[in-house]
Amino acid sequence: MTHTMAKELQGEYLVAFATVARDEKASDKISEAIEANCPDIVFCSFIVLNPYVILEGKKRNLTVVIRNDYWLKDVPPCVKLRAKGTYHLADQIIAQTEPLRKELLVEFALDPKKVIVKENPIDREGIEEGLRNAKSPYPDNGCKHYVWVGRFSPIKNIPFLLAAFKIVHKVDRKTELFLVGEPDDPKKYRQSGVHLVGFQNNPYPWIKFSNSLILCSQSEACPNVLLEALYIGTKVIAPEELLSGLAIRNRLAIPYQNGNITSLVRMMLLQ
C-alpha cells in the first residue's frame, strides 16, 4: 500500500523508504532514517510506529503525515494512549474510511481540518500485469470455487469461514474453498473441500477466476484485497460493516451479518 501511494507521487517527490521494526529501538531507528535521508516530509502508516515518527519529525520541524487504518478498539491500550498523546501534533492524518475518520475525531478530539479520508490505493498496473495472459489456477472439475486471500492472523477469523464452508460443502459437494496465504499450522485448516495453496507472489488469477472472494474478519477497516477484487470484477462476500465504509458501491459487493454463520452460508450458496 505504501509503495503504491509512492507511485502516485512520482514526478512531484523523491521518495525514500526506511523499514523499521516495532521494537524498543524503533525511535532510534526512525531518527537515524530521518538523519540519513534529510526529508522535507515524513510519512508512516502503522499505528504502532506513528507516535515515534510524529515526535522525531516534529523535533526537526518537518511536515509529518500519518495514516490510520485500524479501529482503535483493535489496538492495545498502550498503543492507543501513545497515539492519543501525539496525533494532534501531526500536520495531516489520513483515515482509510469515513467511519475511521469519525472515530479519530471523537476519541482523540482532533482538528477536523487535519483529518482526511483516502481509501487504500491499489496498484492497477501491477494487477493488470499480474493478469496479463493469466489462466485459471483452479482445477477444471465443475466445482464452484471460493477463495480467501490474506494473512493467517486471529483477526481474520478463518475458523469462522471454515465452519461456514463446512455447512456449504455438506449442502453442495461441488464447492471448494482455496486459502491463499502462508498458514501458521496447516493441520488446523484441513477439512473436506478446503485447499491450502500457500503464499502467492501473484494472487490476482486466484481472485479473478474464483466465483467469489470471501472476507471473514472479525474487525477490519478496508483490506486491500477487497478493493483489488472489486477492481478486477470479482464478487466479494464480506461483513456488512466492512462494506459500509466503502466509497465503492456496486453489485459485486455482497454483505452478510458479521459473526452470523447462517448469513454467510446463505450468501455463499446464493452465488
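**Exercise 1.** Find which residues Ile 93 is in contact with, leaving aside its neighbours within four places in sequence.

*Solution.* Contact means heavy atoms within 4.5 Å. On that criterion the partners of Ile 93 are Ile 66, Tyr 87, Leu 104, Leu 110, Lys 114, Val 115 and Ile 116. The model is predicted, so local features need pLDDT of at least 70 and side-chain atom pairs count only at pLDDT 80 or more, while totals for chains, interfaces and linings use all residues. Residues are numbered from 1 along each chain as its sequence is written, and side-chain values use heavy atoms, with hydrogens and water left out.

**Exercise 2.** Describe the largest nonpolar core and state which elements supply it.

*Solution.* A nonpolar core is a set of buried (under 20% relative accessible area, 1.4 Å probe, protein chains only) Ala, Val, Leu, Ile, Met, Phe, Trp, Tyr and Cys residues joined through side-chain atoms within 4.5 Å. The largest has 30 residues, and Ile 47, Tyr 87, Ile 93, Leu 104 and Leu 110 have the most contacts inside it. At least two residues of this core come from each of α2 (26-37), β1 (41-44), α3 (50-59), β2 (63-68), α4 (77-86), β3 (92-95) and α5 (98-108). The most, 4 residues, come from α5. Another core, of 26 residues, lies apart from it and includes Trp 206, Leu 230, Val 236 and Ala 253.

**Exercise 3.** Classify the residues of the contact of α7 with α11.

*Solution.* In α7, Phe 160, Leu 161, Ala 163, Ala 164, Phe 165, Ile 167, Val 168 and Val 171 meet Ile 261, Leu 264, Val 265, Met 268 and Leu 269 of α11. The division is 13 nonpolar, no polar and no charged (Ala, Val, Leu, Ile, Met, Phe, Trp, Tyr, Cys and Pro count as nonpolar; Asp, Glu, Lys and Arg as charged; the others, Gly among them, as polar).

Notes
Buried means under 20% relative accessible area, exposed over 50%, partly exposed in between (1.4 Å probe, protein chains only).
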